[in-house]
Amino acid sequence: ETLFMPSDMEVLNDLVLSITDLAKLEIFNMTMGDELYSWSNPSLNNGIFIDDDSLLISKTSSPGNSGVLDIINWKTGEITPLNDEYFYVLDMEIYRPTGKLYILGLKENHGEIQLSVTERSLDNINNARTLVELDREDYNSQIYISPNGKVFISLDNIGLLEINGRRTITWNTPRDVNAMDFWGSQAVLLYDDNSIAFWDRSDRTELMRLTLFQDLSWLVVKSDNKAYFYSPGARDNFSVYRVIQR
């Protein structure tokens, strides 16, 4: 299993959805490698498979405007607007076992910018339920969904918010989170300094942190600071300090 799948790539069954830096959307057959569909729009932001026939895409806009989501039937070319309040969508994720769609975006409310997470059901996609609204403008925020359907969002200078219905629990990470994935009972976090941390999802504590150096050597430090391990050659890349308590 590959950790930290690129955010500009989506896989469903034997289909691959890719969005390029040129605001071009492409669908490929993973088995044959054939391009099945392409669509370009200068305001294209991101996209996700709804099912084998259709996509949900978002376009960029600006405060004061809304309605940036469209459903595209890529087999017929039909485009249907989806009602929304966002002027910018940051991320979209679907939890396939329950058919729940989660959208994270920015909207304007009485002149103030809000970060909002909504939940929709794929079989009733026009109806949205707001889970979280925060008075902040955070363009780096992302959504992550655990294998059991738990929803998380990353926030600059805060860490992670775990969403339980309309209740949130803060994971106070020591650094901003650039990516999140899951491995068994642990959450794997990529911090903004490119170190990788392993967290216990049950008690929300960091277990250990892996740092990779430019020479490809590595250092692992347990979070209680009672033990560390490193590869041959890594010792030149870090210093060890002992604190003597009196």
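**Strand pairing, turns and salt bridges in the predicted model**

In strand β19, Asp 200 is the residue that stands opposite Gln 186. The structure described here is a predicted model. The strands β18 (residues 186-191) and β19 are joined by five bridges and run antiparallel. On β20, the residue facing Asp 200 is Thr 205. Strand β19 covers residues 196-200 and β20 covers residues 205-212, and their antiparallel pairing again comprises five bridges. Strand β20 is also paired in the antiparallel sense with β21 (residues 218-222), through five bridges. Within this pairing, Arg 209 has Val 221 of β21 as its bridge partner.

These pairings belong to an open sheet of six strands, arranged in the order β17-β18-β19-β20-β21-β22 with antiparallel pairing. Its edges are formed by β17 (177-183) and β22 (228-230), each of which pairs on one side only. From one strand to the next, the twist averages 20°. In general, strands of a sheet pair through backbone hydrogen bonds, in either a parallel or an antiparallel arrangement.

Most residues other than glycine have a negative phi. In the hairpin of β19 and β20, four residues lie between the strands, and Arg 204 adopts a positive phi near 60°. The hairpin of β20 and β21 has five residues between its strands, and Leu 216 in the turn shows a positive phi of about 75°. Asn 194, which is not a glycine, has a positive phi of about 70°. This residue is placed in the loop between β18 and β19, and Asn 194 counts as exposed because its relative accessibility is 55%, the cut-off for exposed being over 50%. Asn 13 likewise is not a glycine and has a positive phi of about 55°. Asn 13 is found in the loop between β1 (9-12) and β2 (15-19), and with a relative accessibility of 54% it is also classed as exposed.

Side chains of opposite charge can pair when their charged atoms come close. Across the whole structure, 13 salt bridges are found. One of them joins Lys 59 and Asp 70, whose closest N and O atoms are 2.6 Å apart. Because Lys 59 lies in β6 (residues 54-59) and Asp 70 in β7 (residues 69-73), this pair ties together parts eleven residues apart in sequence. Both Lys 59 and Asp 70 are buried.

A further salt bridge connects the side chains of Arg 129 and Glu 119, at 3.0 Å from N to O. Arg 129 is located in β12 (residues 124-134) and Glu 119 in β11 (residues 112-121), ten residues apart. Arg 129 is partly exposed at 34% relative accessibility, whereas Glu 119, at 13%, is buried.

Arg 175 and Asp 192 also form a salt bridge, with 2.7 Å between the closest N and O atoms. Arg 175 occupies the loop between β16 (167-171) and β17, and Asp 192 the loop between β18 and β19, so the pair links parts 17 residues apart in sequence. Arg 175 is partly exposed, at 35% relative accessibility, and Asp 192 is partly exposed as well, at 34%. Finally, Glu 85, Lys 107 and Glu 133 are connected in a network of salt bridges.

How values were computed
Residues are numbered from 1 along each chain as its sequence is written. This is a predicted model: local features need pLDDT of at least 70, side-chain atom pairs count only at pLDDT 80 or more; totals for chains, interfaces and linings use all residues. Side-chain values use heavy atoms; hydrogens and water are left out. Two strands pair if DSSP finds at least two bridges between them. Helices (H or I, at least four residues) and strands (E, at least two) are DSSP runs, numbered from the N terminus. Axes are lines fitted to C-alpha atoms, for helices over the stretch in contact, and angles run from 0 to 180 degrees between N-to-C directions. Buried means under 20% relative accessible area, exposed over 50%, partly exposed in between (1.4 Å probe, protein chains only). A salt bridge is a side-chain nitrogen of Lys or Arg within 4 Å of a carboxyl oxygen of Asp or Glu.
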